[in-house]
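Subject: A structure for you to look at

Hi,

Here is the structure I said I'd pass on.

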Amino acid sequence: GDRQLRKATTMQTYLAWAEALGGGSSREPRARILAETTAIRCGFSGKRATSVLVQRGQDAPREIQVGRAVVVAAGVVASTQFLMRSEFDNPWLGQHVSCNLAMPSFAVYDERLDAFDGLEITHSTRLLGAAQTVLETHFLPPGLFSLAVPFYLNRHHDLMRRYRHLTSVGCLVGSEPRGVVRRSAHWLDRGVVEWSLGQQDLAALSQVLATQVKLARAADARR
């Protein structure tokens, strides 16, 4: 969200809607959200999911019985690890993983823009000839921005003094499916991810960076 309340978080939207919707009966129960709870693995009867083993905080693990289905939506790494712990039988599990390579950039202008006060990630464009590449409006608050900038001492200080004269653009590049997620030794582990950039990834990132420079120059950026 933001201070003008023009963007709402999932706490205000999807989670609240899930708890509110439904008839409240056994046929149409409302969603129940369990905070600080880890899903360890899923239990099966044949090919049908029948239960989920969970642990809440420091409590002992317990099983939750499944009525219809289990929806696994924890991101590519955590979802893969969950299915591996559940002994999900699929030879392609964890193979050929792709992701969005993120690369933010910023430009400095003579005019004071206060770009940070706008709504970020509300405008985007796709690059011609690069179907898996998206540029979007983006900005970081001063503290986080100061940590993300790869400069030090005087150069860092001079840039932060011109914070109100900066714009920032983020890019997302769909990568080649070269990643592998391997099973971790323990369910508390985050999992092991093996990754290497391919030639197509490097070419796409170079194209995006060149495009960002052209856009900044066209808008009379100083640097």
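Below is what I found, going from the whole chain down to single residues.

One thing to keep in mind: this is a predicted model. The protein has 223 residues, and 30% of them count as buried. Its secondary structure comes to five helices and 10 strands. If you take the contacts between residues at least 6 apart in sequence, 58% of them join residues at least 24 apart.

Now the inside. The largest nonpolar core has nine residues: Cys 42, Ala 49, Val 52, Val 54, Val 66, Phe 82, Leu 83, Met 84 and Leu 93. Strand S2 (48-56) and helix H2 (75-85) each bring at least two residues to this core. There's also a second, separate core of eight residues, with Val 108, Phe 145, Met 160 and Leu 166 among them.

Going back to Val 66, a member of the largest core: leaving aside neighbours within four places in sequence, Val 66 is in contact with Arg 48, Ala 49, Thr 50, Ser 51 and Val 52.

His 156, Leu 159 and Met 160 are the buried ones to look for in H4. They sit on the same side of the helix, because they cover an arc of only 95 degrees around its axis. Turn to the other side of H4 and you'll find Asn 154 and Arg 161, which are exposed. What do the buried residues of H4 pack against? They pack against strand S5 (105-108), helix H3 (142-148) and S8.

Is His 165 buried or exposed? With a relative accessible area of 16%, it is under the 20% cut-off, so it counts as buried. Its side chain reaches the backbone oxygen of Glu 111 at 3.2 Å. Apart from neighbours within four places in sequence, His 165 is in contact with Ala 107, Val 108, Tyr 109, Asp 110, Glu 111, Arg 112 and Leu 113.

Last, the cysteines. Cys 42 is buried, at 8% relative accessible area, while Cys 99 is partly exposed, at 30%. How many disulfides does a search of the whole structure find? The search comes back with zero.

Cheers

Key
Residues are numbered from 1 along each chain as its sequence is written. This is a predicted model: local features need pLDDT of at least 70, side-chain atom pairs count only at pLDDT 80 or more; totals for chains, interfaces and linings use all residues. Side-chain values use heavy atoms; hydrogens and water are left out. Buried means under 20% relative accessible area, exposed over 50%, partly exposed in between (1.4 Å probe, protein chains only). A polar contact is a pair of N or O atoms within 3.5 Å; within protein, one must be able to donate a hydrogen and the other to accept it, and residues adjacent in sequence count only if both atoms are side-chain atoms. Contact means heavy atoms within 4.5 Å. A nonpolar core is a set of buried Ala, Val, Leu, Ile, Met, Phe, Trp, Tyr and Cys residues joined through side-chain atoms within 4.5 Å. Helices (H or I, at least four residues) and strands (E, at least two) are DSSP runs, numbered from the N terminus. A disulfide is a pair of cysteine sulfur atoms within 2.5 Å. The arc is that of the directions from the helix axis to the C-beta atoms.
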